[in-house]
Amino acid sequence: MPFHILIIGAGAIGLTSAYALAQAGHRVSLIDQGPAGGESTWAGAGILSPLLPWDYGRAVNDLSRRGAQLWPDWAARLKQASGIDPEYLTSGLLALDLPQPAAARQWCAQHDYPSSTPTGSLAALASRPDQALWLPGVAQLRNPRLAQALVQSLKALGVTIHEHRPGLELLSAGDRIAGVRTAGELLQADVYVLAAGAWSQALLGERAAGLKITPVRGQILLFKAEPGQLACIVYRNGHYLVPRADGHILAGSTLEHAGFDKHTTPAARAELLAFARELLPTLDASRIVRQWAGLRPGSPDNVPTIGRHPELTNLYVNTGHFRYGVTMAPASAELLTSLIGGHPPPFEAAPYAWRGNAPKR
């Protein structure tokens with residue numbers, strides 16, 4: 001049975017959830033305190049892989065890998081529907097200075113994850129090729145273009161997007177959500193989906209029922225360079241360079257527990273510039289186009305929660321994806337759609353079920 005579904009949060013998770021639910025025949029609306037795709041979605045680098053996969057548990061890797069497998073088709077459909085190219089590109093990832101390269105190679109072999117020791121021009125980027133690993137299958141998307149493609153595709157499907165609605169408040173009556181109130185407006189639906197990223201726990205307030213979402217600030221520098229100057233994504237000791245098709249290069253990212261503060265800092269600028277220049281000396285300060293910060297939705301063990309609220313029967317959540325919201329987005333939307341529709345999930349749903357405890361009455 002089709003529902004009227006209101007999604008709170010119009011980032012990558014909310015937008016892809018809306019796309020999958022609308023494709024399944026539901027009537028869908030979204031609401032966001034700012035512009036659609038304007039928070040961590042816009043700020044992210046768009047690397048479609050965990051950094052690094054062997055550092056994470058099965059739940060993170062399974063959802064990430066499923067999402068990465070779905071993205072080629074999703075990107076093609078979004079481009080066709082919107083006329084906006086999200087710039088899906090299989091650029092590969094070169095991981096440098098691995099502390100345990102043998103263990104990483106073993107993990108890749110055990111999990112059928114393509115990898116090899118870098119050679120040729122790739123090896124030239126590594127001070128120790130024997131401590132590096134080439135992951136040729138890693139792809140990327142250009143986040144701002146992805147958000148634009150999603151928004152236009154949703155509008156073509158008849159999805160309503162309410163942007164710039166500050167002061168969102170969830171209203172409940174008994175065991176159900178009764179509506180979402182913002183200044184001078186009350187929106188109501190049959191089913192509600194909370195996909196508000198770093199703000200999810202705060203919006204639930206006393207109804208968080210053990211859900212733990214912590215904002216984690218990440219800062220990035222954008223450099224202007226010539227196309228082809230960097231052939232692939234390069235990762236080393238928590239930082240990365242991501243080349244775009246037009247020559248821009250992203251240098252990221254910091255991990256900072258600064259609450260909801262999105263200010264950039266001179267310290268992060270110096271840290272990222274030093275990293276970028278060490279790998280590519282031509283990336284000096286004169287080439288910096290912009291510095292920005294975004295707030296990721298941190299969660300225990302980096303595992304998102306995708307499922308129904310333990311007490312509020314018409315509220316679902318799709319949140320807590322930490323650094324990998326874009327990577328996991330199509331798979332998360334796929335799972336959410338099956339749960340709301342009452343269909344068998346496409347993969348094991350239990351790892352993403354609500355892990356908190358409902359408050360005692």
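Among contacts in the chain between residues at least 6 apart in sequence, what percentage join residues at least 24 apart? The share is 73%, where contact means heavy atoms within 4.5 Å.

This is a predicted model, in which local features need pLDDT of at least 70, side-chain atom pairs count only at pLDDT 80 or more, and totals for chains, interfaces and linings use all residues. Residues are numbered from 1 along each chain as its sequence is written, and side-chain values use heavy atoms, with hydrogens and water left out.

**Figure 1. The whole chain.** The chain holds nine helices and 16 strands. Both are DSSP runs numbered from the N terminus: helices are H or I with at least four residues, strands are E with at least two. The C-alpha atoms fill a box of roughly 60 × 45 × 40 Å along the principal axes. Of the 361 residues, 56% count as buried. Buried means under 20% relative accessible area, exposed means over 50%, and partly exposed is in between (1.4 Å probe, protein chains only).

**Figure 2. S82 in helix α3.** Helix α3 covers residues 58-82 and includes S82. S82 counts as buried because its relative accessibility is 17%. Its side chain reaches the backbone oxygen of L78 at 2.6 Å. A polar atom of the S82 side chain also lies 3.0 Å from the backbone nitrogen of I84. Leaving out residues up to four places away in sequence, S82 touches A149, Q152 and S153.

**Figure 3. V193 in strand β9.** Strand β9 spans residues 191-194, and V193 lies in it. V193 is buried, with a relative accessible area of 0%. Beyond residues up to four places away in sequence, V193 touches several others, including I5, I7, Y316 and L336.

**Figure 4. R236 and its partner E278.** R236 is found in strand β11, residues 233-236. At 13% relative accessible area, R236 is buried. The side chains of R236 and E278 make a polar contact of 3.1 Å. Such a contact is a pair of N or O atoms within 3.5 Å; within protein, one must be able to donate a hydrogen and the other to accept it, and residues adjacent in sequence count only if both atoms are side-chain atoms. Not counting residues up to four places away in sequence, R236 touches L96, D97, F275, E278 and L279.

**Figure 5. Two cis peptide bonds.** One joins L51 and L52, with omega about -15°. L52 lies in the loop between α2 (40-43) and α3. Another runs from G252 to S253, with omega near -10°. S253 sits in the loop between β13 (249-252) and α8 (266-279).

Figure 6. H164 is not a glycine, yet its phi is positive, about 55°. H164 lies in the loop between β5 (160-162) and β6 (169-173). With 52% relative accessible area, H164 is exposed. A209, also a residue other than glycine, has a positive phi near 50°. Its place is in the loop between α7 (200-204) and β10 (214-223). A209 is buried, at 5% relative accessible area.
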